[in-house]
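Please work through each task before consulting its solution.

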Amino acid sequence: MTENPSSVFRTIMERKVSGRNFIADRDAPLLEYMYGALQGQSRSGIKAYLTRGQVTVNGQITTAHDFPLHTGDRIGIVDRGNVVRKRGGEVEGRVKIVYEDQWLIVADKRSGVLTMSTGKEGEVTAYSILYDYMKRMHGRNSRIFIVHRIDRETSGLVIFAKDETTKLQLQETWNKSVLERKYCAILEGHPASERGTVHSWLKENPKSMKVTSSPEDNGGKEAVTHYRVLSYGRHYSLVEFELETGRKHQIRVHASMTGCPVAGDRKYGAKGNPAGRLALHARSITFRHPVTGKVLSFETPLPNVFKTVMREDMQEDRQPGHTER
């Protein structure tokens, strides 16, 4: 069923709900109350609702097991994945909210969408979409702040803050707060090793807007990228990258250094474009919440076009006359 926009969930977003909504009839810790309200379900499954940010109390997502419920509080269990809607009511397909609390929004943006504007009038960005969402759903005095960015042609997870203090806290402690950050990419060819680490110093050329790499300190920024091959096709490899540092175009440059540029990345040496886009996706991030101190972990599915490219490339590898890997 779809909840009426005037319901409790309007305070966070319009989204599909599971039909499990409760009014607390007593004071109790949230998890304890849910055990009683959801009798017949496994305790681990009920805990997972909280861990995945699927539980709302009075319209706000709540993950704390011991959150104090009071009589009359409204509890809801919603499906994973939040649908942002445009002013006309149609679904906004360019950005999806995967987590929201009173301090942060974690969003999954589509390839081709800028994180923030370049200054061109009327430019639609992840920031402008979420800015509009905040004004409509949380009031005209609400705000949104960019914590970090990913390239326009890269899809995946981006973190935004709802106030400047939270933004600065996360930015200033970024290297300590972000515990794990992984990307997936389709590379042209096959890396020499199934696992490896690329270590170099990166410097941006302001004229070409291209990042160059040096194996020795050249005054640029040190960059370390770990990678492992997930699968091989005839022409391409699906590779997971884990960032030890987060520099501009780091994965794109380091992939090119292995002799296997990211598919679709003409700037750094790619010859083909099988996905019709830069084949790079910010797949997961794990970080310590700057306010609550809790460790939060999020992962988005591999884009369908990545699966299609690799499936077709692997099928071609199985044709007569080709050697199966």
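**Exercise 1.** Identify the residues that form one aromatic cluster with F298, and describe the pairs among them.

*Solution.* 
Step 1. The cluster is made up of Y99, F287 and F298. The model is predicted, so local features need pLDDT of at least 70 and side-chain atom pairs count only at pLDDT 80 or more, whereas totals for chains, interfaces and linings use all residues. Residues are numbered from 1 along each chain as its sequence is written, and side-chain values use heavy atoms, with hydrogens and water left out.

Step 2. Apply the criterion: rings of Phe, Tyr and Trp (its six-membered ring) pair if their centres lie within 6.5 Å; planes under 30 degrees apart count as stacked, over 60 as edge-to-face and the rest as tilted. By this rule there are 4 aromatic pairs. One of them joins Y99 and F298, with 5.1 Å centre to centre and 45 degrees between the planes, and is tilted.

Step 3. Locate this pair: Y99 belongs to strand β8 (residues 91-100) and F298 to strand β18 (residues 295-299), so that distant parts of the chain, 199 residues apart, are linked. Helices (H or I, at least four residues) and strands (E, at least two) are DSSP runs, numbered from the N terminus. Y99 and F298 are both buried (under 20% relative accessible area; exposed is over 50%, partly exposed in between; 1.4 Å probe, protein chains only).

Step 4. F287 and F298 form a tilted pair as well, at 6.2 Å centre to centre and 35 degrees between the planes. Here F287 lies in strand β17 (residues 280-288), 11 residues apart from F298 in β18. F287 is also buried.

**Exercise 2.** Determine why helix α6 counts as largely enclosed, and state what covers its buried residues.

*Solution.* 

Step 1. The buried residues are Q250, I251, R252, V253, H254 and A255.

Step 2. Their cover includes β12 (178-188), β13 (195-205), β14 (210-214), β15 (221-232), β16 (236-243) and β17.

Step 3. Just after α6, G259 has a positive phi of about 90 degrees.

**Exercise 3.** Describe the surroundings of strand β12 and its pairing with β17 and β16.

*Solution.* 
Step 1. Of the 11 residues of β12, 9 are buried, and the strand is mostly covered.

Step 2. Two strands pair if DSSP finds at least two bridges between them. β12 pairs with β17 in the antiparallel sense over 7 bridges, and A185 stands opposite L280 in β17.

Step 3. β12 also pairs with β16 in the antiparallel sense, over 7 bridges; K182 has E242 of β16 as its bridge partner.

**Exercise 4.** Which residues have the most contacts inside the largest nonpolar core?

*Solution.* 
Step 1. A nonpolar core is a set of buried Ala, Val, Leu, Ile, Met, Phe, Trp, Tyr and Cys residues joined through side-chain atoms within 4.5 Å.

Step 2. The largest such core has 44 residues, and I105, L130, F160, I186 and F241 have the most contacts inside it. Helix α3 (residues 126-138) gives the most to this core, with 6 residues.

Step 3. Another core, of 17 residues, lies apart from it and has Y99, L157, W174 and L296 among its members.

Definitions and conventions. Contact = heavy atoms within 4.5 Å.
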